[in-house]
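Hi,

Here is the structure I promised to pass on.

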Protein chains: 2
Amino acid sequence: MEKSGSRWALCDREMTMIPSKVNFSEKFSKLPDEDYSVRIVAKMNDYEFKLVKFKGEFVWHSHPDTDETFIILDGRMMMHFKDKLVEIKSGEMIVIPKGMEHKPTSEEGYKALLIEPEGVANTGDVKSEMTIKKIEWI
Amino acid sequence: MEKSGSRWALCDREMTMIPSKVNFSEKFSKLPDEDYSVRIVAKMNDYEFKLVKFKGEFVWHSHPDTDETFIILDGRMMMHFKDKLVEIKSGEMIVIPKGMEHKPTSEEGYKALLIEPEGVANTGDVKSEMTIKKIEWI
């Protein structure tokens with residue numbers, strides 16, 4: 001029996017705690033059918049793994065205290081920097097350095113695994129209509 | 001021009017530093033043709049991303065100070081725990097909790113992205129012929 005919102009599964013009669021794996025396709029099937037949705041799927045030390053589905057234009061922002069990692073699982077992302085545009089497609093990753101302004105956009109849409117410390121705001125130092133107060137586990 | 005062993009690329013005449021993406025297939029093509037090889041491909045804060053190619057039976061070990069994440073990119077891994085066996089295949093991930101004994105095995109082989117703090121020994125608390133003193137960047 002998997003405990004929802006947890007990386008743990010209770011699996012035998014002795015209630016031994018063993019780690020449960022995450023299947024990305026299965027988790028994505030539970031995300032809301034919206035252009036932008038994000039859910040936490042796992043935790044490693046004080047870092048969270050989030051599945052993100054995105055289509056459109058995000059807001060310019062930076063994360064003043066941390067790097068941030070995108071691993072593209074499906075589709076294509078254009079990552080805008082002030083001086084550069086980087087295309088990142090399925091099977092590729094990028095680490096956005098701490099404090100660096102960036103803006104993801106995608107015409108066709110992408111699915112990604114996002115890795116960053118817990119509690120990092122999705123729009124970083126910027127408040128916008130895209131800001132999510134509390135990201136849920138799935 | 002990409003600086004080898006770095007997440008940075010020098011890209012314009014003003015020498016602005018912009019992050020470079022990592023293409024997994026391209027990096028795997030540079031790994032030695034051995035049953036076990038591992039190289040660092042990116043860094044996020046004080047965490048390293050390592051590409052791992054593995055076939056066979058690893059050693060039982062644990063990491064006393066940190067969780068460890070495997071994202072399977074190709075093939076299939078059997079992750080052995082003392083009370084449980086978990087099959088993890090392409091498109092799936094697992095977080096091994098701090099201090100938990102585990103042993104990856106794979107008959108067919110797998111390719112994975114491994115995420116853990118820098119300096120973590122590949123065989124954790126165990127010394128074996130599989131222990132790698134210093135993992136290189138690729």
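Let's start with Glu92(B), which counts as buried at 2% relative accessibility (buried is under 20% relative accessible area, exposed over 50%, partly exposed in between, with a 1.4 Å probe and protein chains only). Before going on, some housekeeping: this is a predicted model, where local features need pLDDT of at least 70 and side-chain atom pairs count only at pLDDT 80 or more, while totals for chains, interfaces and linings use all residues. Residues are numbered from 1 along each chain as its sequence is written, chains are lettered from A and ligands numbered from 1 in the order in which they are written, and side-chain values use heavy atoms, with hydrogens and water left out.

Back to Glu92(B). Its side chain meets that of Lys21(A) in a salt bridge, 2.9 Å from N to O (the term covers a side-chain nitrogen of Lys or Arg within 4 Å of a carboxyl oxygen of Asp or Glu). Glu92(B) also forms a salt bridge with Lys89(B), at 3.0 Å, and Lys21(A), Lys89(B) and Glu92(B) are linked in a network of salt bridges. Both lysines are partly exposed: Lys21(A) has a relative accessible area of 27%, and Lys89(B) comes to 29%.

How many salt bridges are there between chain A and chain B? The count is two, and over all chains it comes to 19. Glu92(B) lies in strand β8 of chain B and Lys21(A) in the loop between β2 and β3 of chain A, so this pair joins two chains (strands are DSSP runs of E, at least two residues, numbered from the N terminus).

Now the interface as a whole. Chain A and chain B each bring 41 residues to the contact (heavy atoms within 4.5 Å). They bury about 3400 Å² between them, 64% of it on carbon and sulfur atoms; that is the accessible area, with a 1.4 Å probe, that two parts lose on being put together, summed over both. Pro19(A), Lys21(A) and Met93(A) supply 19% of the area that chain A buries against chain B, more than any other three residues.

Strands cross over as well: β8(A) runs antiparallel to β3(B), with two bridges joining them (pairing takes at least two DSSP bridges). Glu92(A) stands opposite Asn23(B) there.

Within chain B, Lys50(B) and Glu116(B) form another salt bridge, with the closest N and O atoms 2.7 Å apart. Lys50(B) is in β5 and Glu116(B) in β9, so the pair ties together parts 66 residues apart in sequence.

Cheers

Terms used: Helices (H or I, at least four residues) and strands (E, at least two) are DSSP runs, numbered from the N terminus.
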